[in-house]
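Student: I have a structure open and would like to go through it with you. Could we begin with what surrounds the ligand?
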Amino acid sequence: MDIEKVSFGLLGEKLGHSFSPKIFNAYFRRAGRGCAYGLFPVNPKKIKTFMEGLRSSFIRGLNVTIPYKECMLSFLDEVSVDASRIGAVNVIRCSGAKIDGYNTDFVGFMRVVKPLLNPDTEDLFAVVLGAGGAARAVIYALHKLGVKDILFFGRHLQKRYKILEDFSFIPLLRGEPWMDERMRSGLKKADLVVNATPLGMFPYADGSPLPPEFAVRPGTVAFDLIYNPFDTRFLVTFRRKGAAVENGWRMLVYQAVETLKLWNGGEIDEPLFFQAAEEVRNAAFFNSR
Ligand SMILES: NC(=O)c1ccc[n+]([C@@H]2O[C@H](COP(=O)([O-])OP(=O)(O)OC[C@H]3O[C@@H](n4cnc5c(N)ncnc54)[C@H](OP(=O)(O)O)[C@@H]3O)[C@@H](O)[C@H]2O)c1
């Protein structure tokens, strides 16, 4: 990649698993844009210095991933209302020395999950596994879609309390500790189960957030935010139990579309972007088999 063309990219700690550069660069090529999307792996000890340097750099926008989505808020000049309510930023836009933050994960998730759910969303019960940045975006999206009864699982008491405090505008939101018995009792009543942890993600595809044995109700939808591998253990387990399943690929693409709109002042050729993403997906997951 011609480094002088890099105007956008992905900021995180370990980035080897990401498909974002392939998708964005395929789109930039097809659209005849003279820019490129690169990877910015940054050690947590150096994130403050990196963010200071960004203000005088050639970078115009970055996606943000693990572990910086939540701490990113403290480095920004302005944060969108949605990102501020979610408490996590996955896109930043640099305009000169000013850096603003946004959340497009929740839009991506909403666009994909909405058609999968019963339209009477008020009656649905959703279980979210995880208590990080993506879990926050999922909880917020479900709230926006009208789902009232939401239960999330997280390992750390403090993180659970913080989510309940930050989302006090969602009256029926509950947080439970990461315990097999509690998870089983949530899973058997759930209409929607979302994996918002990295458990099962490449290169640790053997991982799964699920307890060894559990029951599901008929019509359950299982959504794994992971897209690499395409078929995670989480999804395989639910499919065997008769659930409808969805992986994180389309959410990734939709959030990327929203990201480009932010970087590009709203202008983007959506069909061209979807074609580019499809080409990357087929090359990665199907042609290689
Ligand atoms: N498809 C998409 O467009 C999309 C968008 C965003 C994220 N994602 C995916 O979603 C996943 C989560 O991302 P994130 O940004 O939310 O990451 P994050 O902020 O680091 O949060 C990860 C969550 O998983 C929990 N977790 C990690 N290991 C665990 C374990 N062994 N047992 C129980 N819980 C565990 C963490 O628990 P603690 O809080 O206790 O550490 C945390 O709550 C990643 O796989 C990411 O790639 C996909």
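Tutor: Keep in mind that this is a predicted model. By class, the shell around the ligand is made up of 13 nonpolar, six polar and five charged residues.

Student: Which residues come nearest to the ligand?
Tutor: Of the 24 residues around the ligand, the ones that come nearest are Ala-131, Ala-134, His-156, Lys-159 and Gly-248.

Student: What does the side chain of Lys-159 have an N or O atom 2.7 Å from?
Tutor: That atom of the Lys-159 side chain is 2.7 Å from an oxygen atom of the ligand, while a polar backbone atom of Gly-133 is 3.1 Å from an oxygen atom of the ligand. For Gly-248, a backbone N or O atom lies 2.9 Å from a nitrogen atom of the ligand.

Student: And how much of the ligand's accessible area does the protein cover?
Tutor: On its own the ligand has 920 Å² of accessible area, and the protein covers 85% of this. The space that the ligand takes is the largest pocket, and helix 5 (133-144) and helix 9 (249-263) are the elements that each give two or more residues to the shell.

Student: Why does the ligand lie between the two domains?
Tutor: The ligand lies between them because domain 1 (3-103 + 256-286) and domain 2 (107-247) both give residues to the shell around the ligand.

Student: New topic: which residues does a cis peptide bond with omega of about 5° join?
Tutor: That bond joins Phe-202 and Pro-203, and Pro-203 is in the loop between strand 10 (192-195) and strand 11 (221-224). The peptide bond from Asn-228 to Pro-229 is also cis, with omega near 10°, and Pro-229 is found in the loop between strand 11 and helix 8 (233-240). Most peptide bonds are trans.

Technical notes. Residues are numbered from 1 along each chain as its sequence is written. This is a predicted model: local features need pLDDT of at least 70, side-chain atom pairs count only at pLDDT 80 or more; totals for chains, interfaces and linings use all residues. Side-chain values use heavy atoms; hydrogens and water are left out. A residue is near a molecule or strand if one of its heavy atoms lies within 4 Å of it. A polar contact is a pair of N or O atoms within 3.5 Å; within protein, one must be able to donate a hydrogen and the other to accept it, and residues adjacent in sequence count only if both atoms are side-chain atoms. Accessible areas come from the Shrake-Rupley method with a 1.4 Å probe; for residues, only the protein chains shown count as cover. On a 1 Å grid over the protein atoms alone, a cavity is a set of points where a 1.4 Å probe fits but cannot get out, and a pocket is an open set with protein on both sides within 12 Å along at least five of seven lines; lining residues have an atom within 4 Å of a point. A molecule sits in a cavity or pocket if more than half of its atoms lie within 2 Å of its grid points. Helices (H or I, at least four residues) and strands (E, at least two) are DSSP runs, numbered from the N terminus. Ala, Val, Leu, Ile, Met, Phe, Trp, Tyr, Cys and Pro count as nonpolar, Asp, Glu, Lys and Arg as charged, and the others, Gly among them, as polar. Domain bounds come from an automatic or database domain assignment.
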